[in-house]
Structures are given as structure tokens and as C-alpha cells.
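The following note collects points for a colleague reviewing the model. Please read them alongside the sequence and the coordinates.

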Amino acid sequence: MQLDLLADICPVESAATAEVPRPARPVLEPGGSARDPAELLQSRLRGLGLPPFARFETHRNAQVMLSWTPGKRIRIHEGYVGAPDPVLDAIVRFVKATRQSARAAVRRVFLAFPAELHAPSPSRPCSPAAVSAADRPILEQLRQLHELFNQQHFDGVLGQIPIRLSGRMRTRLGEVRLDRASGRPTQIGISRRHLRRDGWEAVRDTLLHEMIHQWQAETGRPVDHGRGFRDHARRLGIEPRAVLQSVRLEIRRTGRPPGTM
Ligand SMILES: [Zn+2]
């Protein structure tokens with residue numbers, strides 16, 4: 001039996017997507033020694049209970065995240081080496097599951113993780129939309145803030161997701177776009193009006209707010225303003241702001257619905 005999982009994303013309107021994909025880098029372990037990503041990924045998956053395969057291979061093809069033939073061969077996207085344990089655990093459960101219903105639940109968890117951002121494919125199929133010269137420094141500042149907050153508050157596990165400015169948000173301050181098929185975050189949007197009116201101090205909080213949603217989606221949690229969200233927001237010292245905007249408007253699901261390829 002061989003089963004392929006299809007997932008695709010198409011980042012839009014971002015300074016980050018215009019960058020040349022980074023070459024493969026060995027992963028630094030806590031001791032400081034470099035280790036081959038495939039070897040490290042295999043060892044982490046085996047540690048979480050992955051059954052043995054004669055061949056373990058990694059790839060960077062963002063269309064097929066995982067495929068395997070029981071006992072013989074498993075092929076998996078290399079970017080999963082950057083995933084936290086709960087995501088790898090979902091992969092192990094997926095491979096071991098015998099029922100379709102059990103698979104569906106864990107499939108969502110690992111497809112939500114943006115593996116291709118941890119190991120980009122050599123050529124991206126999507127070309128980014130043009131970003132105006134005036135927006136570049138703002139987007140670059142947002143990108144740097146995202147990177148900083150990722151390290152400070154999320155142990156660096158979040159994917160480097162594109163950020164854009166939107167002139168269309170009237171009441172919303174920010175939003176997260178999720179790929180409809182995989183549930184994976186594809187973009188964070190910040191309201192232009194919000195930046196003009198409230199300034200950087202407030203926009204920082206909005207970015208953190210959206211990053212908690214990104215974290216929820218990438219770790220397979222429900223994306224909402226529930227208790228987990230509120231606790232997380234308080235720990236980070238930001239107002240949960242759930243009353244000002246509804247999740248229904250803030251979380252946009254884009255792309256093709258599941259089951260259509
Ligand atoms: Zn929210």
C-alpha cells in the first residue's frame with residue numbers, strides 16, 4: 001500500500017516570499033554539533049514509536065508531504081525536522097493507524113505544520129505579488145518582529161509565514177489565513193488603518209495575537225479565543241481582545257476545500 005498526502009500552499013503579497021530559498025543547513029543540536037536533518041528526523045520519529053522501515057528518505061517536494069510502503073520505505077518532507085514533538089507524534093500515529101477515522105484526526109495536525117518553510121523547495125511555483133516600495137520597510141519590520149517573538153515566546157517553532165498589510169480591514173485589526181484543505185496558516189494580515197491610527201506599540205500586540213492563532217493551527221489545536229488562547233495571551237502580556245473581533249472574521253480559510261485536488 002502506498003498513500004500520498006497532497007498539500008499545497010501559495011504564499012501571496014509578501015516581502016519574505018521574494019527571498020531566495022535558503023540552502024540546506026545541518027541542524028545544530030543543543031551540544032552545538034551539526035547533524036544531518038534526515039538522520040535527526042528519523043531518530044526523533046523512531047523515538048516517538050515509528051515502526052521500522054528498510055529505507056528512510058527525505059525530500060523537499062511540497063506537494064507530497066508523506067508517503068510510505070509498510071516495512072519497506074518511507075518518504076517524508078525534510079522540513080518536519082523543525083517540527084515540535086506533537087506534530088511528529090501525529091505522523092507516527094498516522095502511519096500506525098488502522099482506521100480511516102483515526103487517520104483523519106492526526107492528519108490535520110501534521111499537515112498544518114509548514115514543513116516547506118523549514119526546508120524550502122529549490123524552486124517555488126508561486127511568484128509573489130508586487131510589494132510597494134513604501135510598504136517594504138514596514139513589512140521588513142513586521143518580519144523581524146515575527147522572528148523575535150517566535151524565539152522569545154514560541155521557542156522558535158513557528159513557520160516563517162508571509163505577512164502583509166491590508167487596506168480592506170475596517171473593524172478587524174489583523175487576521176490569519178488558513179489553507180482550507182490542510183488547516184495550515186499561510187499568511188498573517190495586519191490592518192493598515194490600525195497601524196496608522198494606533199501605531200507600532202498596538203500593532204506589536206496584534207501581531208502577537210495572530211501568532212498565537214498561528215501556533216494553535218500549526219500545533220493542531222482549535223483556532224479560537226477559548227481558554228487556552230486567553231491564558232497564552234495573558235502570559236505574553238497582551239489583551240486577548242476577543243471582544244473586539246470575532247474569530248469567524250479574523251480566521252480566513254482559503255484555497256480549495258478538502259477532497260478536491
Ligand atoms: Zn484572534
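1. The buried residues of α2 are covered by elements including α1, β4 and α3 (100-111). Those buried residues are Val 87, Leu 88, Asp 89, Ala 90, Ile 91, Phe 94 and Val 95. Here a residue is buried if 20 or more other C-beta atoms lie within 10 Å of its own, exposed if 12 or fewer, and partly exposed in between, with C-beta atoms placed from the backbone. Helices (H or I, at least four residues) and strands (E, at least two) are DSSP runs, numbered from the N terminus.

2. This is a predicted model: local features need pLDDT of at least 70, side-chain atom pairs count only at pLDDT 80 or more, and totals for chains, interfaces and linings use all residues. Residues are numbered from 1 along each chain as its sequence is written.

3. α2 and α3 pack with their axes 8 Å apart, at an angle of about 145 degrees. Axes are lines fitted to C-alpha atoms, for helices over the stretch in contact, and angles run from 0 to 180 degrees between N-to-C directions. The crossing is left-handed, that is, the near helix is turned anticlockwise from the far one by less than a right angle. On the α2 side the contact is made by Pro 86, Val 87, Ala 90, Ile 91, Arg 93 and Phe 94, and on the α3 side by Arg 103, Val 106, Arg 107, Val 109 and Phe 110. By class, this contact has 8 nonpolar, no polar and 3 charged residues. Ala, Val, Leu, Ile, Met, Phe, Trp, Tyr, Cys and Pro count as nonpolar, Asp, Glu, Lys and Arg as charged, and the others, Gly among them, as polar. Two residues are in contact if their C-beta atoms, placed from the backbone, lie within 7 Å.

4. Pro 51 is found in the loop between α1 (37-47) and β3 (55-59). Not counting residues up to four places away in sequence, Pro 51 touches Val 95 and Lys 96. Pro 51 and Lys 96 are 45 residues apart in sequence, yet 7.7 Å apart in space, C-alpha to C-alpha. Because Pro 51 has 13 C-beta neighbours inside 10 Å, it counts as partly exposed.

5. An open sheet of 3 strands has the order β3-β5-β4, with mixed pairing. β3 and β4 stand at the edges with a single partner strand each, so one side of each is left without a neighbour in the sheet. Neighbouring strands of this sheet are turned by 15 degrees against each other on average, direction ignored. Two strands pair if DSSP finds at least two bridges between them.

6. β3 pairs with strand β5 (residues 73-77) in the parallel sense over 5 bridges. Thr 58 has Ile 76 of β5 as its bridge partner, and Phe 56 stands opposite Ile 74 in β5. Strand β4 (residues 66-69) and β5 pair in the antiparallel sense over 4 bridges, and the bridge partner of Trp 68 in β5 is Ile 74. The hairpin of β4 and β5 has 3 residues between the strands, and Gly 71 takes a positive phi near 80 degrees there.

7. Asp 155 is found in the loop between α5 (136-154) and β6 (163-166), and counts as exposed because it has 10 C-beta neighbours inside 10 Å.
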